[in-house]
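Biologist: I am new to this structure. Could you walk me through how to read it?

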Amino acid sequence: MAAEELRDQPGDQLGEPVVADRAPAVTRGAADPVKALMHRHRELCERAVDPLEIAAALEAHGVTDRTATHFRHRDVFSLAEEMYARVPRAGDTAPRPETPDTPKAHADWAVLTLLPGALCAAVVTGVRYTEGRPRLAVTVVGVLAVAFAVRAARSRGPLHATRPWSPTPSTRAWTYWLVAYALLGDGLIAAALDGGPDGPPTGSSDSSWPIALSSVLALSAACAPAAWCAHLFAVRARRRLATSRALEEFASSVKPLLLGVFALFLCVLGGLLVLCGAVLDEPVAYAGTGALGALLLLARLLTVHGFRHAPAVMLAATGVAEAAALLSVFGSRLPGCEALAVPVETVVDAWGAGAIPALVCGAAALVLLLHATRTLTRASAHVAHGDAP
């Protein structure tokens, strides 16, 4: 993509573009303030399909409408139009694509996204119908198999981060911790507040420490709809990039698309939770699991499009908050530390143990949603993004 030639310096860790002041300095008294910028990025202008591609690349480099005024233009798009018009493009004699390439659906990643749900269903079945050491073996092998399946699903297709920055090991660790809490956390906190737990966790809902099999099964099965929602967002955003005539027009058209895809995923996840709860005949933590699913989807969308810092921070903050809730309950058993459990006990008494992940994950998901509506609606988030294989 021609936009990559303009990205001389990477953005900061918050996913923000480089500060515009790093663009070429412009002398106010110069007769032709665009000339230096045009000369520096001549190859970009020659290869650009239209002015919007140049505008998106300028935006990715940190050039804002305010910066454009130093080049005697009202906005970035107006500046890009002049650069596009004034530089002879090397592709004038060659046929140009009418629309930018869009990620296409492939059978390989479609199958890979179904694998986590299928393996998790097999593990849940094994846990339900085994006892003792066989159950432990099924659990350990099953957890490893599902973890590898999720990683494989993210290695290709719309959930694959093709930019050089990818999730760090700590981000993956926090993600696994959040899923583990969805499986064990609510039951463990409820049992701890009642003076337990009195024994190891089991899949039975009448145990002193029940595990939420339906929540994890629904989250694993949600890998497939998450991939298709990410694919839908990428394809529609690319098409709107081809038809938009200004950065503001593109942003205003992509924001409803992003919110619609997000709502579609939540609806599908809700249906999976209902189905899994009915099949397994156990209560379902709709709020907590739904909030966690929303958080994971938004974190992945941002990571795929190159904004990794905010998801990493929010996943870590959420994991720390849930870990602190558990530790405070058990820490309150130490002499003189009874007050540690008061906040968690108050929330659980009012709304139940499932309110803790619902509040924590919900707040983090809301922050990422606001961040996504500001970053994923930029043209630069899509023109510089490599296609999914």
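Modeller: Let us start with one residue. S220 lies in helix α9, residues 213–221. Helices (H or I, at least four residues) and strands (E, at least two) are DSSP runs, numbered from the N terminus. This is a predicted model, where local features need pLDDT of at least 70, side-chain atom pairs count only at pLDDT 80 or more, and totals for chains, interfaces and linings use all residues. Residues are numbered from 1 along each chain as its sequence is written, and side-chain values use heavy atoms, with hydrogens and water left out.

Biologist: Is S220 buried or exposed?

Modeller: Buried means under 20% relative accessible area, exposed over 50%, and partly exposed in between (1.4 Å probe, protein chains only). S220 has a relative accessible area of 7%, so it is buried.

Biologist: Which residues is S220 in contact with?

Modeller: Contact means heavy atoms within 4.5 Å. Leave aside neighbours within four places in sequence, and S220 is in contact with P116, G117, C120 and V146.

Biologist: What does the chain average in pLDDT?

Modeller: pLDDT is the predictor's confidence in each residue, from 0 to 100. The chain averages 78, and 67% of the residues score at least 70. Over residues 1–30, pLDDT stays under 50. The model has 66 contacts beyond four places in sequence for that stretch. Residues 384–389 also stay under 50, with 24 such contacts.

Biologist: How many helices and strands are in the chain?

Modeller: The chain has 16 helices and zero strands. Of its 389 residues, 49% are buried. Take the contacts between residues at least 6 apart in sequence: 79% of them join residues at least 24 apart.

Biologist: Back to α9. How do its axis and that of α11 cross?

Modeller: Axes are lines fitted to C-alpha atoms, for helices over the stretch in contact, and angles run from 0 to 180 degrees between N-to-C directions. The axes of α9 and α11 (residues 247–280) come within 9 Å and cross at roughly 135°. Angles under 35 degrees count as roughly parallel, over 145 as roughly antiparallel, 65 to 115 as roughly perpendicular and the rest as oblique. The two helices are therefore oblique to each other.

Biologist: Which residues make the contact?

Modeller: From α9 come L213, S214, S215, L217, A218, L219 and A221. From α11 come L269, L272, L273, C276, G277 and L280. For classes, Ala, Val, Leu, Ile, Met, Phe, Trp, Tyr, Cys and Pro count as nonpolar, Asp, Glu, Lys and Arg as charged, and the others, Gly among them, as polar. The contact of α9 with α11 has 10 nonpolar, three polar and no charged residues.

Biologist: What does T289 touch?

Modeller: T289 sits in helix α12. With residues up to four places away in sequence not counted, T289 touches S215, L219, L269 and L273. T289 and L219 are 70 residues apart in sequence, yet 7.7 Å apart in space, C-alpha to C-alpha. T289 has 3% relative accessibility, so it counts as buried.

Biologist: How do α12 and α15 cross?

Modeller: The axes of α12 (residues 286–304) and α15 (residues 355–375) come within 8 Å and cross at roughly 30°. That makes α12 roughly parallel to α15. Their contact divides into 16 nonpolar, four polar and no charged residues.

Biologist: And how do α13 and α15 cross?

Modeller: The axes of α13 and α15 come within 10 Å and cross at roughly 170°. That makes α13 roughly antiparallel to α15. On the α13 side, the contact includes M314, T318 and E322. On the α15 side, V360, V367 and H371 are among the residues. By class, this contact has 12 nonpolar, two polar and one charged residues.

Biologist: Where does G319 lie?

Modeller: G319 lies in α13, residues 309–331. G319 is buried, with a relative accessible area of 0%. Beyond neighbours within four places in sequence, G319 is in contact with W174, W177 and L178. The C-alpha atoms of G319 and A173 are separated by 9.5 Å, and the two residues are 146 apart along the chain.

Biologist: What phi does D281 have?

Modeller: Most residues other than glycine have a negative phi. D281 is not a glycine, although its phi is positive, about 55°. D281 lies in the loop between α11 and α12. With 66% relative accessibility, D281 counts as exposed.
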